[in-house]
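Look at the model first, then read on.

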Amino acid sequence: MGVAVIIIAKILVALVAIEHLYILYLEMFMWTKPKGLKAFGMTPAVAEASKSLAANQGLYNGFLAAGLIWSLFHSHVEVAKELQIFFLLCVIVAAIFGGMTAKKSILLVQGLPAIIALLFVWLT
């Protein structure tokens, strides 16, 4: 594939990583704040009762972002591609599970960007 597809794939992978860093921020640091309450549609009482669980979720989202970022800087092209495929599939599985168990919009918000990125990675 051409250089343009490779660049687009890397940009999309980076965007998925940035999205997961933002989710980490919301879940770990904003969960009980107005921004977190609005983002996740919760009451202050529910947010307070679940803040340690949310911080845990945020940490996992950080691991997904870290893996994607690692893949962007790995010096071996084939290993980088395998890392991207693995971590994007992890994001997709998490989005499917989240969409089924928590909020359907997770499928679109987290799953769709990862699927698009994965398609471009496979084209490289």
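Ala, Val, Leu, Ile, Met, Phe, Trp, Tyr, Cys and Pro count as nonpolar; Asp, Glu, Lys and Arg count as charged; the others, Gly among them, count as polar. This is a predicted model: local features need pLDDT of at least 70, side-chain atom pairs count only at pLDDT 80 or more, and totals for chains, interfaces and linings use all residues. Residues are numbered from 1 along each chain as its sequence is written, and side-chain values use heavy atoms, without hydrogens and water.

**Second largest pocket**
- A pocket is an open set of points on a 1 Å grid over the protein atoms alone, where a 1.4 Å probe fits, with protein on both sides within 12 Å along at least five of seven lines; lining residues have an atom within 4 Å of a point.
- By class, six are nonpolar, five polar and three charged.
- Helices are DSSP runs (H or I, at least four residues), numbered from the N terminus.
- α4 gives the most to this lining, five residues.

**Largest pocket**
- The largest pocket holds about 770 Å³ of space.
- Among its 24 lining residues, Glu27, Phe40, Gln57, Ile106 and Gln110 are the closest to the centre.
- Its lining has 15 nonpolar, six polar and three charged residues.

**Helix α1**
- Buried means under 20% relative accessible area (1.4 Å probe, protein chains only).
- The buried residues of α1 include Val5, Leu12, His20 and Glu27.

Key
Grid points are joined across faces, edges and corners, and a volume is the space filled by probe spheres set on the points. Helices (H or I, at least four residues) and strands (E, at least two) are DSSP runs, numbered from the N terminus. Buried means under 20% relative accessible area, exposed over 50%, partly exposed in between (1.4 Å probe, protein chains only).
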